[in-house]
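Reader: Could you take me through one part of this model up close? I'd like to see where the two chains meet, and I'm happy to hear about what sits around it too.

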Amino acid sequence: MMDRYTFLQKVGIYIAIAAFLTFVLLPFFEMFRVSLRPLDHLMSTPFRFWSDDFSFAAYKQMWISVPLLGRYILNSIFIATSVTTLTMIVVIPAAYAYARLQFPFKAISLAVFLGVNMFTGAVLLIPLYRVLRTLGLLNTYWAMIIPGVAFLIPTGIWLLRSYLEKIPRELEEAAYVDGASRMYTLRRVVIPLAVPGLIVVATSVFIGAYAQQFLFAIAFNNQREYQPLPAGIFEFVGYQQVTWNEMMAASLTGILPVMLIFLFLQKYLIAGLTAGAVKE
Amino acid sequence: MATLDLNNISKSFGNTRVLHDIDLAIRDKEFVVFVGPSGCGKSTLLRIIAGLEEASAGKIVIGGTDVSNAHPVDRGISMVFQSYALYPHLTVFENIAFPLRVQKLADADLRTRVGRAAEILQLTDKLDLKPGQLSGGQRQRVAIGRSIVRNPKVFLFDEPLSNLDAALRGDMRVELSQLHRSLDATMVYVTHDQVEAMTMADRIVVLNKGRIEQFGTPMELYHHPATKFVAGFIGQPNMNLLPATVKSVTSSGITAVLPGDAVVTLPVEPGTVRQGDQIEVGIRPEDLVAAKGLRATVQVMERLGGVSITYGVLPGGTRICAALPGDTPVREGDTIDLGVPVDAAHAFDQSGAVLRRRNAPQIAG
Ligand SMILES: Nc1ncnc2c1ncn2[C@@H]1O[C@H](COP(=O)(O)OP(=O)(O)OP(=O)(O)O)[C@@H](O)[C@H]1O
Ligand SMILES: [Mg+2]
């Protein structure tokens with residue numbers, strides 16, 4: 001691509017990016033700083049930004065203070081992965097139907113999906129609780145997975161539908177003329193071409209699933225072994241004191257695997273924005 | 001036997017009627033070209049034949065069987081799309097093999113058939129590449145390859161060459177004609193390029209506003225255009241259509257006054273034309289000669305070497321185009337005489353229908 005920006009414009013862009021990144025990353029930096037310091041330093045006045053006894057002690061101590069921490073981290077990943085998988089299984093055919101087929105109430109149902117999304121999970125907690133109790137799913141993994149899937153399907157459909165619409169219709173017509181069924185075409189033509197779009201959607205679903213599990217966990221589950229990290233972290237809140245440094249260390253450790261996955265996926269995410277150039 | 005008959009095909013999108021009672025009988029192994037201006041319904045008609053679009057009324061019969069409600073595969077057709085519609089994530093081999101994979105053909109059989117198609121289309125050394133790594137002409141050949149592996153009875157092409165540059169288009173025209181001969185199949189080919197139509201077709205269907213204007217061999221359309229529309233559409237450069245007033249109708253034809261008061265007697269059947277009527281006289285640029293007759297002021301000369309395409313105006317402002325010999329000593333701004341060869345001239349009545357010529361040449365081919 002041509003270099004379209006002047007030097008001054010570039011400086012401006014970098015300043016803006018730096019400001020944005022500072023805003024986003026400062027909390028993480030603060031978490032990391034807190035996790036490295038002994039607890040009594042954190043409460044000292046006047047507040048000291050720097051101290052000389054940084055250590056990774058909290059990263060060892062946290063596994064002892066909260067013995068189930070490893071389990072919580074795995075639970076978090078397990079729940080978010082299950083939610084993402086189930087959501088994608090539903091979203092792919094649904095988005096394809098919305099992108100390509102004509103059926104009654106198409107526009108209205110799509111709008112209703114978006115409308116439902118306006119209610120946060122919090123508003124629906126009590127009805128959801130009753131539903132899950134009736135189904136006998138309280139205090140199981142399902143209690144955190146099913147509501148998660150339900151709330152993420154609408155955005156998934158909206159995102160993927162617009163991506164699928166960009167795949168040239170002629171490719172599917174060609175497959176149809178050659179005798180391929182809808183499902184065969186979906187499997188061999190549409191999905192392979194939609195991979196970048198699928199990764200983008202799956203990523204946003206995964207992030208959504210990670211973010212919302214706290215609410216469903218504290219509302220629908222009191223089984224300790226099933227708790228995800230955001231709920232499990234509450235165990236650092238003791239009767240006498242909150243071990244902030246260990247809590248921050250645990251949070252960062254819990255996010256780490258997810259971060260690594262995203263680092264790996266990043267190149268696909270960026271490719272997803274430019275791929276799909278199917279014909280000139 | 002793969003004859004293709006269209007019986008009274010009509011098509012409406014909502015309230016707009018885009019095809020009107022299309023009746024057509026295409027013979028076995030014929031190469032038929034649908035030609036017409038943009039939006040006249042060529043693609044729609046082809047898609048109806050393919051089974052991608054449903055006709056609002058009418059019947060499609062292929063090889064004597066009514067296939068109006070059949071799946072494309074059961075119709076025995078295959079189609080090549082304007083944009084090639086290649087699968088960008090599959091190799092050339094898998095693209096060509098796609099229809100066979102759908103049929104779940106055994107692997108060995110599949111390999112021989114793809115291999116044979118690749119050989120015909122000179123793609124053997126390209127089989128492992130992806131479409132993105134091919135040139136436009138090669139992509140076009142892959143699209144054709146995908147359509148021939150299934151041995152369909154009827155091939156449908158929708159403007160397959162329109163994405164190629166002029167030189168490549170010329171080459172592909174020849175290749176497609178050869179392919180038609182070697183495959184011995186019925187082919188229906190859509191284009192808006194009349195040169196493609198003239199050079200490749202056994203017979204041409206001229207479509208205008210969803211109706212068939214004329215169906216005939218290229219030379220029939222050239223010498224006997226049924227309507228003013230066909231006359232203006234077929235032939236390069238386009239036929240001149242000059243307004244004229246009928247002076248008298250006699251047994252030897254129609255005597256008419258052309259712009260600039262030139263009087264000519266055309267040997268045509270007068271039909272319902274009467275003295276005093278307005279008609280249009282059609283003269284092909286290549287039939288005009290340097291002789292007494294029309295007087296034109298030359299505006300633009302295009303010297304192509306062998307011929308000089310001369311654009312001028314007649315008194316009264318009517319434009320005229322003449323194909324004169326290459327080294328005609330004429331300059332822009334000159335006034336020239338153009339003789340009207342009455343035997344080669346066409347006449348159209350006010351409805352645009354042709355008046356039959358009596359001295360038309362024998363049609364070659
Ligand atoms: N799906 C559709 N819905 C509504 N109108 C349509 C549809 N498809 C085609 N038309 C209309 O039908 C008419 C014929 O279209 P068609 O594509 O057959 O033209 P064409 O002769 O192939 O033109 P071109 O040379 O530009 O490809 C056009 O006026 C077009 O607007
Ligand atoms: Mg078209």
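Author: Here is a walk through the contact between the chains, followed by a look at each partner. Keep in mind that this is a predicted model.

Let's start with who takes part. Chain B brings 26 residues to the contact, and chain A brings 18 residues. Put together, the two chains bury about 1900 Å² between them, and 62% of that area comes from carbon and sulfur atoms.

Between chain B and chain A you can count 4 salt bridges. As for polar contacts, the count is 7 residue pairs between chain B and chain A, with both residues at pLDDT 80 or more.

So which pieces of chain B face the partner? Elements that each supply at least two residues to the side touching chain A are α2 (72–75), β6 (77–80), α3 (92–102) and α5 (136–148) of chain B. The top contributor on that side is α3(B), with 5 residues. Sort the residues of this side of chain B by type and you get 14 nonpolar, 6 polar and 6 charged.

Of the 280 residues in chain A, 41% are buried. If you take the contacts within chain A between residues at least 6 apart in sequence, 75% of them join residues at least 24 apart. The accessible surface of chain A is about 16400 Å², with carbon and sulfur atoms holding 73% of it.

Last stop, back in chain B: have a look at B:R203, which belongs to strand β9 (residues 203–208). This arginine counts as buried because its relative accessible area is 13%, and the cut-off for buried is under 20%. Leaving out residues up to four places away in sequence, B:R203 touches B:A25, B:I26, B:R27, B:E30, B:F31, B:V32 and B:V33, and also B:F215, B:G216 and B:T217.

Methods:
Residues numbered from 1 in each chain as written. Chains lettered and ligands numbered in written order. Predicted model: local features only at pLDDT ≥ 70, side-chain atom pairs only at ≥ 80, totals over all residues. Heavy atoms only, no water. Contact = heavy atoms within 4.5 Å. Buried area = accessible area lost by both parts, 1.4 Å probe. Salt bridge = Lys/Arg side-chain N within 4 Å of Asp/Glu carboxyl O. Polar contact = N/O pair within 3.5 Å; in protein donor to acceptor, adjacent residues only side chain to side chain. Helix = DSSP H or I, 4+ residues; strand = E, 2+ residues; numbered from the N terminus. Nonpolar A, V, L, I, M, F, W, Y, C, P; charged D, E, K, R; others polar. Buried < 20%, exposed > 50% of the residue type's maximum accessible area, 1.4 Å probe, protein only. Areas by Shrake-Rupley, 256 points an atom, 1.4 Å probe, with all protein chains shown as cover.
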